[in-house]
Structures are given as structure tokens and as C-alpha cells.
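Please look over the sequence and the structure before reading on. The paragraphs that follow move from the overall fold to the sheet, the cores and the aromatic contacts.

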Amino acid sequence: MNSNQTRLTTPFHSHATAAEVIEGVDLTGRRVVVTGGASGIGAETVRVLAAAGAEVTIATRDPAAAAKAAATFADLPGTVRSAALDLADLSSVAAFVRDWRGPLDVLVANAGVMALPVREVTAQGWEMQLATNYLGHFALTMGLYGSLRAAGRARIVVVSSGAHRDAPFDFDDPQFERRPYHPWTAYGQSKTADVLLAVGARRWAADGITANALNPGWIITNLQRHMDEATMREMGAIDENGEIIPQPYLKTLAQGAAASVLLAASPLVDGVTGRYFEDNQEAAPATPGIPGGVAAHALDPDAADRLWDYASSVLATA
């Protein structure tokens with residue numbers, strides 16, 4: 001956070017629900033895309049935005065799951081549709097962009113993978129976590145720029161993680177081609193890249209486009225599917241019998257989706273851009289030994305511009 005910038009606060013506590021943070025907000029006529037919106041906090045984000053009247057598109061690599069999720073929201077005031085999108089495949093991203101018609105008010109970059117146990121790469125040679133969590137969303141954002149600009153007052157919401165604090169973006173070896181691959185380092189780097197995406201998008205402020213990143217908190221979802229029981233026990237998430245251990249920091253899906261919905265639709269963040277939120281507040285700078293906060297390396301405007309140029313060069317040659 002810029003030292004000259006006033007930290008934004010809201011009246012919502014850390015475990016407020018997504019519905020609570022936009023109570024009374026009417027999104028009729030607003031068009032939204034939520035990647036990975038068929039399950040977890042993505043599905044709750046879709047539900048709450050559609051309940052407020054928005055037209056929401058669930059974009060996911062599993063169209064059948066998206067269509068099933070959309071059907072469960074059929075009785076909401078807004079409309080929900082589904083579309084195929086595989087963020088790890090740039091041709092799929094390009095196809096989604098080609099098919100999109102008209103303005104786009106909100107893009108929620110929610111989909112992601114976490115802690116893949118072994119290094120995997122995409123057809124473009126990108127490490128899978130960085131490709132899915134960041135590059136695919138960067139390509140989608142760039143492709144939909146014209147639609148976002150056409151909306152006149154658009155928002156980009158990027159779901160990051162507190163894991164970003166442990167891993168600056170490594171411009172010398174971002175794909176782990178020379179350094180040893182580590183699941184959590186790769187995940188943390190991808191989430192730093194996500195915050196830098198929001199910071200880099202400050203260049204679009206004059207177009208009426210704002211972008212912010214967030215940490216949704218700890219929620220048990222399909223995102224943890226690559227974590228074995230030993231890791232979950234070490235983190236204090238489950239007991240010896242594999243049962244979830246209740247912790248005060250754990251959030252429900254409704255609570256975990258709150259920050260995404262806040263940034264997507266609350267009037268409290270009108271005009272706010274390039275910031276990082278957690279527990280429904282703009283995060284304070286990270287301090288050693290104190291949980292939470294945002295690392296300086298994730299808000300570095302020079303790093304954001306460098307990463308923007310790096311990803312743009314990849315797209316140009318893909």
C-alpha cells in the first residue's frame with residue numbers, strides 16, 4: 001500500500017457473508033463473468049450477484065458442471081448462463097473472448113489450482129499453477145478489455161491468497177526450469193502475480209476500469225484436492241481421523257465469497273483500484289510475526305509493469 005494512500009475500511013467484519021456486504025444493492029442490467037463459478041466460493045459469488053439481479057456467466061473448463069450449477073440458480077432475479085473456459089489453454093481463452101458480445105461490467109478472476117504435487121506445464125510451456133491462476137486470467141482480461149471499457153464503469157476482481165507473502169515473482173526463473181519445483185512456492189508466486197495483475201491494471205483507470213485483488217481466507221473447498229492428509233494435519237485443518245478441526249479463522253462458503261462480492265458490487269469501493277483486501281477490509285502492510293497483510297513485493301508498481309510486459313510478450317508469441 002502506498003504510504004500516502006488512505007487505507008480503505010468498511011463496516012463489515014471478517015466473517016460477514018457475501019449477501020450481507022451488498023445488501024440493498026441492485027445489479028439489474030449489470031453483466032458479470034465469474035471464472036470457476038461452478039463450485040466453492042465461485043458458485044456462492046455467482047448466486048449472490050444473480051440474487052441482486054445481475055446477468056452472470058459461469059466460465060469453467062467443465063461446461064456440464066457449469067450448466068448444472070446455472071440450473072440451480074434459475075429462480076433468482078438475475079440470469080445465470082454457462083460457457084466453456086479452460087484457463088490453462090490459451091486457445092480456449094481466445095475462443096471465449098471471440099464469443100463474448102457486448103459490454104462487461106464485472107470480471108471475477110476466481111478460478112485456480114493449488115499446490116500441484118509435481119511440476120506440470122501447459123502447451124505454451126508455462127508452469128501449470130502460474131498458467132491457470134495468472135496467465136489465463138491475464139489473457140482473458142486483455143481479451144475482454146474492449147468490453148470492460150464499453151461498460152463505462154467496470155470492475156476486475158482477482159482472487160489471490162495470503163500465500164503470496166511467501167513468494168515474490170521470480171523473473172529469472174518463473175517456470176521452475178532451473179530452480180527446484182516446490183508446490184507451495186509455485187502457488188505463492190502465482191498468487192503474487194494475481195495481485196500484480198490488479199496493480200498493473202491501474203493503466204486502465206482513465207477508461208473507467210478498476211481492478212483489485214483479495215484473499216478470501218481459509219475455506220474448505222475443492223481447491224484443497226491436491227493436499228494430502230499429512231499436509232492438512234500439519235496445517236491443523238484436520239484431526240487424526242481426517243475430520244475438520246473447527247478454527248476461528250475458518251470461513252463458510254458464504255463468508256469466503258464476501259470479499260469477492262464486495263469488490264464486484266459494493267458502492268464502498270467505487271473508483272478504488274490496485275489494492276488488496278482481506279477480511280472485507282483493505283489489508284495493512286504485512287509485518288513479520290503478525291498474520292495477514294499484504295507484502296510489498298505484491299504491490300510494487302515496477303514489478304507489476306514488468307510482469308504485464310512479460311505476459312504480453314508470451315501472448316504475442318503463443
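Predicted model: local features only at pLDDT ≥ 70, side-chain atom pairs only at ≥ 80, totals over all residues.

A residue is called buried when its relative accessible area is under 20%, exposed when that area is over 50%, and partly exposed in between. By that scale S14, with a relative accessible area of 28%, is partly exposed. S14 belongs to the segment before α1 (18–21), and its contacts, leaving aside neighbours within four places in sequence, are with K251, D279 and N280. Between S14 and K251 there are 237 residues of separation in sequence, although their C-alpha atoms are 9.0 Å apart in space.

In its overall make-up, the chain contains eleven helices and eight strands. Of its 318 residues, 53% are buried. Among the contacts in the chain with a separation of 6 or more, 76% are accounted for by residues 24 or more positions apart.

The strands can be taken next. Eight of them form an open sheet in the order β3-β2-β1-β4-β5-β6-β7-β8, and the pairing is mixed. Because β3 (79–84) and β8 (281–282) each have a single partner strand, they stand at the edges, and one side of each is left without a neighbour in the sheet. Helix α3 (residues 63–72) packs on the sheet, where it touches β2 (55–60) and β3, and its direction makes about 175° with that of β3.

Strands of a sheet pair through backbone hydrogen bonds, in either a parallel or an antiparallel sense. Strand β5 (residues 154–159) pairs with strand β6 (residues 209–215) in the parallel sense over six bridges, with A154 standing opposite I209 in β6. The pairing of β6 with β7 is also parallel and runs over four bridges; here N215 has E278 as its bridge partner in β7. β7 and β8, by contrast, run antiparallel and are joined by two bridges, and the partner of F277 in β8 is E282.

What lies between β7 and β8? The two strands form a hairpin with two residues between them, and D279 in the turn has a positive phi of about 50°. Most residues other than glycine have a negative phi. D279 is partly exposed, with a relative accessible area of 34%, and D279 is also among the residues that S14 contacts. Another positive phi, near 55°, occurs at F176, which is found in the loop between β5 and α7 (183–200). With a relative accessibility of 4%, F176 counts as buried.

Which residues touch the most other members of the largest nonpolar core? In this core of 49 residues, they are F96 and Y134. Two or more residues are given to the core by each of α4 (90–99), β4 (106–109), α5 (128–143), β5, α7, β6 and α11 (301–317). The largest share, seven residues, comes from α5. Y134 has contacts, leaving aside its neighbours within four places in sequence, with W126, Q129, S190, A193, D194, L197, L307, W308 and A311. A second, separate core holds 40 residues, including L8, A70, V80 and L262.

W184 and Y187 form an edge-to-face pair, 5.9 Å centre to centre and with 85° between the planes. Because W184 and Y187 are three residues apart in helix α7, they are separated by about one helical turn. W184 counts as partly exposed at 29% relative accessibility, whereas Y187, at 4%, counts as buried.

Key: Residues numbered from 1 in each chain as written. Heavy atoms only, no water. Pairing = 2+ DSSP bridges. Contact = heavy atoms within 4.5 Å. Axes fitted to C-alpha atoms, helices over the stretch in contact; angles between N-to-C directions. Buried < 20%, exposed > 50% of the residue type's maximum accessible area, 1.4 Å probe, protein only. Core = buried A, V, L, I, M, F, W, Y, C linked by side-chain atoms within 4.5 Å. Phe/Tyr/Trp six-rings, centres within 6.5 Å; stacked < 30°, edge-to-face > 60°.
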